[in-house]
Amino acid sequence: MTLMSLRPVRDLAVLLLGTLTLLFFLLRLTGDPALVLAGPDASDQQVAVIRAEYGLDRSLPVQYLSYIGNLLRLDFGRSLADGSPALRKVLIAYPTSLLLAAMAMAVTLLISVPTGAWLGARRHGAARIAVRWLLFVLQGVPGFVTALLLVQIFAIELVWLPALGSSGLSSLILPTISVASFLAPKLTRLIEANVAAAMGSPYVRTARAIGASDREILWRHALPNALLGATALVGTQFAFLMTGLVIIESIFAWPGIGWLLVQSTTSVDFPVVQAITLTVVVTVFAVNTFVDLMQRRVDPRLRHREPLAPGVAA
Amino acid sequence: MTTVVGLPVNTLAERYLARWELVSGGILLAVIAALLLLGPALSGHDPGYVDLQNRLTAPNALDHLLGTDQLGRDLLARLLHGLRWSLTAALGATLLAFATGTVLGLIAARRQSLLGTAIRQVTAFAQSFPVFVLAICLVAIVGNSLVTVVLVLGLVTWPVFCRVVQAEATSLYAREYVMAAEMLQMGQPRLYFRHVLPGLLPSLSVLLAFHFADMLIAESALSFLGIGAPLGAATWGNMLQESRAYLISAPWLLLVPATAIVTLVITANLLGDGLRRHLE
């Protein structure tokens with residue numbers, strides 16, 4: 001094993017430590033964590049129990065060390081809502097989120113790749129202008145507004161689809177469209193820019209000179225290169241997707257980690273919040289690292305570059 | 001028309017589009033500014049005044065131009081109050097992120113310092129970090145108020161500015177005129193304001209517009225989730241949340257704040273896009 005392959009592990013450790021330390025100190029800066037942990041309705045006795053249970057009567061450095069020690073053993077404590085282990089609660093909700101994320105990502109790619117390629121290859125025409133304006137307007141509609149409008153139209157007025165819950169395939173449709181609706185415009189414009197840049201490059205000129213057709217140039221030469229460039233931004237997009245999940249899941253009462261996060265923040269269920277933060281950070285990091293490694297494998301030009309390639313402004 | 005491949009982008013069309021976007025964005029901005037200034041006088045109602053006799057009145061030209069909500073409160077008055085809240089929160093967060101990001105970006109542009117290395121690391125991570133998730137946790141801990149929302153959103157999103165400033169300042173500091181000024185013992189603050197900042201302004205102005213749009217969405221989303229604004233306050237996020245119980249009987253409760261948010265975001269996007277095209 002070389003040092004290079006250990007680097008992501010070190011990065012992840014630093015990232016997690018930083019985030020969880022921030023949460024630890026903020027919780028203690030803003031007042032008595034025992035009061036926060038016990039909730040607003042707790043009696044003095046309950047607060048005292050919590051204080052002893054979490055060791056909040058000890059000094060701050062001791063508390064911090066035991067907190068880190070517990071995290072290393074993946075012990076986040078128990079959910080204050082129902083007493084079950086916090087991490088288990090998160091891991092139960094996790095696959096539900098993953099399903100929605102995967103569906104939304106698939107729909108987004110199905111829309112963005114062809115549209116982006118078409119826009120990037122085309123320079124003129126009324127249809128191009130119309131599509132670009134449509135994208136521009138869609139980009140201005142926040143995901144949760146889209147979701148509310150979709151519920152209004154398809155669940156309330158037309159009564160075609162369920163507005164809430166996760167029962168069967170039909171309940172997956174509206175959340176998927178909502179998430180895809182704010183991911184797709186950004187990704188489409190990104191692919192468009194990359195395809196347009198690829199279209200102006202020397203290898204496309206060469207292909208044109210030896211007589212390749214427009215169609216061949218776009219699909220065989222320009223698009224694969226453009227997509228490769230676009231995957232560099234998967235990390236940004238994925239973080240964006242996570243954000244979207246939080247809001248969309250709470251609108252549709254989709255029982256994933258986003259919904260759980262909002263539930264536990266509003267009820268100040270702090271152990272669960274910490275476990276979710278850890279899960280989300282690890283997920284985003286894993287996706288990024290995986291994409292980075294895949295890119296190096298596919299594109300030999302990247303193999304000698306620094307890991308965690310600096311991205312383009314989105 | 002056939003597809004033309006390999007030609008340079010039509011610059012004339014781009015310039016025309018840039019002007020169009022800037023003009024329409026500017027007009028929208030002027031209208032919003034007017035609404036902001038006229039504010040309460042325009043609706044003639046108190047945004048918090050409860051009038052149970054006139055619950056869920058449909059929009060009408062007589063008394064309530066945009067109708068009333070489930071407690072009989074005037075929707076136009078609440079919308080204008082929400083505009084004030086949204087603009088303050090989004091502007092505050094944007095400026096805080098801008099100030100923090102610019103200062104830290106300038107420090108990071110100095111390659112040799114340890115602090116610079118640390119900032120570059122944080123910025124690289126933050127790019128693919130779900131900051132909104134962090135923002136939700138932070139606001140939940142610190143408590144909900146306007147100040148909290150501004151502080152959290154600003155302090156969580158500064159790496160956006162930091163990254164751009166760092167990249168551009170690094171190349172600016174390597175220019176001859178900046179190096180000459182440095183050799184002449186010009187102080188760091190003066191060097192920055194006289195020579196570096198003017199070079200950064202074009203890309204920063206574009207970024208400011210887009211970041212403002214992002215902050216606007218983030219702020220209304222937080223408030224919608226019941227985490228940002230105090231409960232019951234007249235903000236767009238709260239209005240959207242409250243509208244959910246009356247989707248069948250009073251759809252205008254949803255449509256009014258939704259239209260407002262979309263208009264404001266599109267205005268910011270128009271200005272940002274127009275500026276970007278204009279500067280290219």
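Begin by selecting both chains, where 52 residues of chain A are in contact with 40 residues of chain B, contact meaning that the C-beta atoms of two residues, placed from the backbone, lie within 7 Å. On the side of chain A that touches chain B, the largest share, 9 residues, comes from H11(A); helices here are DSSP runs of H or I with at least four residues, numbered from the N terminus. By class, that side of chain A has 31 nonpolar, 16 polar and 5 charged residues, where Ala, Val, Leu, Ile, Met, Phe, Trp, Tyr, Cys and Pro count as nonpolar, Asp, Glu, Lys and Arg as charged, and the others, Gly among them, as polar.

A word on what you are viewing: this is a predicted model, in which local features need pLDDT of at least 70 and side-chain atom pairs count only at pLDDT 80 or more, while totals for chains, interfaces and linings use all residues. Residues are numbered from 1 along each chain as its sequence is written, and chains are lettered from A and ligands numbered from 1 in the order in which they are written.

Next, select residues 146-157 of chain B, which form helix H6. The 12 residues of H6(B) should span 16 Å at 1.5 Å a residue, and the end C-alpha atoms are 17 Å apart, which agrees; the expected span is 1.5 Å times one less than the number of residues. Among the buried residues of H6(B) are B:Thr148, B:Val152 and B:Leu153, and what covers the buried residues of this helix includes helices H3 (75-109), H5 (131-142), H7 (159-173) and H9 (188-224) of chain B.

Within H6(B), pick B:Val150. Why does B:Val150 count as buried? B:Val150 has 22 other C-beta atoms within 10 Å, and a residue is buried if 20 or more other C-beta atoms, placed from the backbone, lie within 10 Å of its own. Leaving aside neighbours within four places in sequence, B:Val150 is in contact with B:Ala89, B:Gly92, B:Ala93 and B:Leu96.

Now select B:Ala135, which, leaving aside neighbours within four places in sequence, is in contact with B:Val152, B:Leu153, B:Val156 and B:Ala218. Together with B:Ile136, B:Ala135 has the most contacts inside the largest nonpolar core, which has 147 residues; such a core is a set of buried Ala, Val, Leu, Ile, Met, Phe, Trp, Tyr and Cys residues joined through C-beta atoms within 7 Å. H9(B) gives the most to this core, with 17 residues.

Conventions
Helices (H or I, at least four residues) and strands (E, at least two) are DSSP runs, numbered from the N terminus. A residue is buried if 20 or more other C-beta atoms lie within 10 Å of its own, exposed if 12 or fewer, and partly exposed in between; C-beta atoms are placed from the backbone.
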